[in-house]
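Here is a walk through one protein model. Keep the sequence and the coordinates open as you read.

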Amino acid sequence: MQPTGAADEAWYDDDAGPVVRPYTMTGGRAAPDRGRFDLITLVVARGPAPAAGRLFPEQSAIVEMCHRPLSVAELGAELDLPVGTVRVLLGDLLAAGLIETHEPPALAELPSEELLRELLAGLRAL
């Protein structure tokens with residue numbers, strides 16, 4: 001169907017959300033300048049958020065929310081922002097020393113299946 005140019009046939013709708021704002025927040029960057037942020041990487045604030053005006057409101061919100069550990073995926077959901085945008089904001093906060101990250105354990109660091117079986121047996125014995 002060819003658009004007729006009527007206002008009700010615009011290429012966007014109310015549910016599309018902001019298009020320019022995430023691009024503005026990240027300065028056009030698609031990847032963080034510092035750090036690696038998996039969806040399950042835990043983020044923790046290193047102190048209170050700095051004075052207003054130094055950070056984007058979303059960055060201040062991240063620092064406030066991260067007084068308890070939150071994953072990158074949780075932050076994206078809470079802020080209603082694309083995860084790519086959240087990663088760039090986190091990279092800036094990491095570079096500023098406002099957050100720290102805790103990576104999930106590597107597969108080589110996971111406990112052995114034998115240890116897990118023994119733990120399960122011990123729990124069942126309780």
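Begin at threonine 41. Leaving aside residues up to four places away in sequence, threonine 41 touches Arg36, Leu70, Ser71, Val72, Thr101, His102, Glu103 and Pro104. Contact here means heavy atoms within 4.5 Å. The model is predicted, so local features need pLDDT of at least 70 and side-chain atom pairs count only at pLDDT 80 or more, while totals for chains, interfaces and linings use all residues. Residues are numbered from 1 along each chain as its sequence is written, and side-chain values use heavy atoms, with hydrogens and water left out.

Threonine 41 sits in the loop between α1 (20–25) and β1 (42–45). Is threonine 41 buried or exposed? It is buried, with a relative accessible area of 0%. (Buried means under 20% relative accessible area, exposed over 50%, and partly exposed in between, with a 1.4 Å probe and protein chains only.) The side chain of threonine 41 also makes a polar contact with the side chain of glutamate 103, at 3.3 Å. Such a contact is a pair of N or O atoms within 3.5 Å; within protein, one must be able to donate a hydrogen and the other to accept it, and residues adjacent in sequence count only if both atoms are side-chain atoms.

Now step back to the chain. It has 5 helices and 3 strands. From the N terminus on, the order is α-β-α-β-α-α-β-α. These elements are DSSP runs, numbered from the N terminus: helices are H or I with at least four residues, strands are E with at least two. Of the 126 residues, 25% count as buried. Among contacts with a separation of 6 or more, 72% join residues 24 or more positions apart.

Next come the helix pairs. Two packed helices are described by the angle between their axes and the distance between the axes. Axes are lines fitted to C-alpha atoms, for helices over the stretch in contact, and angles run from 0 to 180 degrees between N-to-C directions.

Take α3 (residues 72–79) and α4 (residues 83–95). They pack at about 110°, with axes 9 Å apart. That makes α3 roughly perpendicular to α4. The classes are roughly parallel under 35 degrees, roughly antiparallel over 145, roughly perpendicular from 65 to 115, and oblique for the rest. Val72, Leu75, Gly76 and Leu79 of α3 make the contact with Val83, Val86, Arg87 and Leu90 of α4. By class, this contact has 6 nonpolar, 1 polar and 1 charged residues. Ala, Val, Leu, Ile, Met, Phe, Trp, Tyr, Cys and Pro count as nonpolar, Asp, Glu, Lys and Arg as charged, and the others, Gly among them, as polar.

Helix α2 (residues 57–65) packs against α3 at about 125°, with the axes 11 Å apart. The two are therefore oblique to each other. Here Glu58, Ala61, Ile62 and Met65 in α2 meet Leu75, Glu78 and Leu79 in α3. The residues divide into 5 nonpolar, no polar and 2 charged.

How do α2 and α4 pack, and at what angle? Their angle is about 70°, and their axes are 10 Å apart. That makes α2 roughly perpendicular to α4. Glu58, Gln59, Ile62 and Val63 in α2 meet Leu89, Leu90, Asp92 and Leu93 in α4. This contact has 5 nonpolar, 1 polar and 2 charged residues.

Finish at glycine 84, in helix α4. Glycine 84 is partly exposed, with a relative accessible area of 31%.
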